[in-house]
Amino acid sequence: MANYPIHRMCKDNDTLLGATTSFYSDECAESMCDLHLRDELHEDAKGHLQRYYRLHAYRPHTIEMALRYEINCPECNSGRLKQVGRCLNSHELGLYICPVCEKRKSSY
């Protein structure tokens, strides 16, 4: 799966984040990035594959810390990711989906 390092979009706002494409391995992303997204594929009830993004943190996060982030989609860069799944632990944070990409996909 792909890993997307996270960076701040604005100096004044540390909760507005953007993701960049990289060729980092899972191990490299986990050791080099404070925050990164990893894409995950899940099969829905109809057998279609759905792309999600899991937020990963190098330093432990509480649920409140994880919920404050606003992340731009690494795929389309125009949509903000929407959290659709809970944190698994203090390092594997919420599961996200992009509403803009989903809308485009459903219009095909």
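**Strands, loop and helix of a predicted protein model**

Biologist: In which sense do strand 1 and strand 2 (residues 13–19) pair?

Modeller: Four bridges connect strand 1 with strand 2. Strands are DSSP runs of E with at least two residues, helices are runs of H or I with at least four, and both are numbered from the N terminus; two strands pair if DSSP finds at least two bridges between them. I6 stands opposite A19 of strand 2, and H7 stands opposite G18. The sense of the pairing of strand 1 and strand 2 is antiparallel.

Biologist: At which pLDDT do side-chain atom pairs count in this predicted model?

Modeller: Residues are numbered from 1 along each chain as its sequence is written, and side-chain values use heavy atoms, with hydrogens and water left out. The model is predicted: local features need pLDDT of at least 70, totals for chains, interfaces and linings use all residues, and side-chain atom pairs count only at pLDDT 80 or more.

Biologist: How many residues does the hairpin between strand 1 and strand 2 pass through?

Modeller: Strand 2 covers residues 13–19, and strand 1 covers residues 3–10. The hairpin that joins strand 1 to strand 2 passes through two residues.

Biologist: Is strand 2 largely enclosed or open to the outside?

Modeller: A residue is buried under 20% relative accessible area, exposed over 50% and partly exposed in between, with a 1.4 Å probe and protein chains only. In strand 2, five of the seven residues are buried, so the rest of the structure leaves this strand largely enclosed.

Biologist: Which residue of strand 5 stands opposite L17?

Modeller: Strand 2 and strand 5 are joined by two bridges and pair in the parallel sense. In strand 5, the residue opposite L17 is I71.

Biologist: Which residue in strand 3 is the bridge partner of N3?

Modeller: Strand 1 and strand 3 (residues 35–43) run antiparallel and are joined by three bridges. The partner of N3 in strand 3 is R38.

Biologist: Which strands stand at the edges of the sheet?

Modeller: Seven strands form an open sheet of mixed pairing, in the order 5-2-1-3-4-7-6. Each edge strand has a single partner strand, so one side of each has no neighbour in the sheet; the two concerned are strand 5 and strand 6.

Biologist: Which residue in strand 7 is the bridge partner of G85?

Modeller: Strand 6 (residues 82–85) and strand 7 (residues 92–97) run antiparallel, with three bridges between them. A hairpin through six residues joins these two strands. Q83 has Y96 of strand 7 as its bridge partner, whereas the partner of G85 is L95.

Biologist: What is the phi of N77?

Modeller: N77 lies in the loop between strand 5 (70–71) and strand 6. With a relative accessibility of 52%, N77 counts as exposed. Most residues other than glycine have a negative phi. N77 is not a glycine, yet its phi is positive, at about 60°.

Biologist: With which residues is D26 in contact, its neighbours within four places in sequence aside?

Modeller: D26 lies in helix 1 (residues 26–32) and is partly exposed, with a relative accessible area of 29%. Its C-alpha atom is separated by 10.0 Å from that of H36, 10 residues apart along the chain. Contact means heavy atoms within 4.5 Å. Apart from neighbours within four places in sequence, the contacts of D26 are M1, N3 and R38.

Biologist: What is the radius of gyration of the protein?

Modeller: The protein has three helices and seven strands, which follow one another from the N terminus as β-β-α-β-β-α-β-β-β-α. The globule rule, 2.2 Å times the number of residues to the power 0.38, is set against a radius taken over C-alpha atoms. For 108 residues the rule gives 13 Å, and the protein's value is close to this, so the protein is as compact as a globular protein of that length; its radius of gyration is 14 Å.

Biologist: What percentage of the 108 residues in the protein is buried?

Modeller: The C-alpha trace spans about 35 × 30 × 30 Å along its principal axes. Among contacts between residues at least 6 apart in sequence, 48% join residues at least 24 apart. The buried share of the 108 residues is 39%.
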